[in-house]
Amino acid sequence: RGQGRVRATRSLDLNIPGGVEDGLRLQLSGQGEVGFAGGPNGDIYLDIKVREDEVFSRSGDDLTCVLTVPMHEAALGCQVQIDTFDGKVDLEVAPGTQSGDLITIKGKGSQKLRHQGRGDLVVQLEVVTPQKLDSKQKELLRQLAKLRKNDESALKKHSHGFFGKRR
């Protein structure tokens with residue numbers, strides 16, 4: 001004797017809420033198979049896999065990325081326009097910026113799941129030293145080195161990870 005159920009395929013339209021993380025399980029109540037003997041429909045469980053972005057990484061509700069800055073712009077300061085998921089944002093790089101410094105842009109991170117608001121965008125700065133210099137550029141750097149003769153190399157303890165400087 002049959003169970004009164006027929007196997008069929010159907011499409012479902014669903015809204016994935018903003019802020020879902022990789023590995024989250026969504027339950028669609030009553031959207032599963034027909035129950036036995038006229039009983040209620042079962043549930044469908046969806047396991048979420050979030051595709052990684054080429055630029056941004058996620059840390060909770062915050063997004064993180066790395067911005068490379070030429071040595072002279074890090075020393076003198078500059079304004080850089082960066083792309084975010086909400087469009088372009090102007091970012092102020094302060095004079096004297098060091099590799100590893102962090103700039104936090106409030107409210108430009110991921111949507112908070114089940115809460116209002118958004119996380120932050122945390123930009124780690126990476127100062128890029130030129131690898132190829134012509135003779136004029138080398139001479140200018142030598143002149144700068146003479147003017148900054150009190151600067152010395154020094155050993156320091158290694159910071160741990162991307163958020164080593166984050167407070």
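## The second largest pocket

The structure is a predicted model, and the values reported below are computed from its atoms. The lining of this pocket comprises 19 residues. Val20, Val50, Arg51, Glu52 and Arg58 are the lining residues that lie nearest the centre of the pocket.

In composition, the lining divides into 6 nonpolar, 6 polar and 7 charged residues. Strand 3 supplies the largest share of the lining, with 3 residues.

## A salt bridge between Lys49 and Asp22

By the distance rule applied here, the model contains 7 salt bridges. One of them joins the side chains of Lys49 and Asp22, with an N to O distance of 3.5 Å. This pair links distant parts of the chain, the two residues being 27 residues apart. Lys49 belongs to the loop between strand 2 (44–47) and strand 3 (57–59), whereas Asp22 sits in the segment before strand 1 (25–28).

The two partners fall into separate accessibility classes. Lys49 is exposed, with a relative accessible area of 68%, while Asp22, at 47%, counts as partly exposed.

Arg118 lies in the loop between strand 7 (102–105) and strand 8 (121–128), and Asp86 in the loop between strand 5 (78–84) and strand 6 (87–93), so the contact ties together parts of the chain that are 32 residues apart in sequence. Both partners are partly exposed: the relative accessibility is 29% for Arg118 and 41% for Asp86.

## The loop between strand 7 and strand 8

Asp120 lies in the loop between strand 7 and strand 8. Is Asp120 buried or exposed? Asp120 has a relative accessible area of 12%; it is classed as buried because this value falls under the 20% cut-off. A polar atom of the Asp120 side chain lies 3.1 Å from the backbone nitrogen of Gly107.

Arg114 is placed in the loop between strand 7 and strand 8 as well. Although Arg114 is not a glycine, it has a positive phi of about 65°. Arg114 is exposed, with a relative accessible area of 72%, whereas Asp120 is buried.

Helix 2 covers residues 135–147 and has 13 residues. From its first C-alpha to its last, helix 2 reaches 19 Å, which is close to the 18 Å expected at 1.5 Å a residue. At the start of helix 2, a side-chain oxygen of Asp134 comes to within 3.2 Å of the backbone nitrogen of Lys136.

Asp151 and Arg148 form a salt bridge through their side chains, with an N to O distance of 2.7 Å. Each of these residues is partly exposed, the relative accessible area being 47% for Asp151 and 48% for Arg148.

How values were computed
Residues numbered from 1 in each chain as written. Predicted model: local features only at pLDDT ≥ 70, side-chain atom pairs only at ≥ 80, totals over all residues. Heavy atoms only, no water. Salt bridge = Lys/Arg side-chain N within 4 Å of Asp/Glu carboxyl O. Helix = DSSP H or I, 4+ residues; strand = E, 2+ residues; numbered from the N terminus. Buried < 20%, exposed > 50% of the residue type's maximum accessible area, 1.4 Å probe, protein only. 1 Å grid on protein atoms, 1.4 Å probe; cavity = no way out; pocket = protein on both sides within 12 Å on 5 of 7 lines; lining within 4 Å. Nonpolar A, V, L, I, M, F, W, Y, C, P; charged D, E, K, R; others polar. Expected span 1.5 Å × (residues − 1). Polar contact = N/O pair within 3.5 Å; in protein donor to acceptor, adjacent residues only side chain to side chain.
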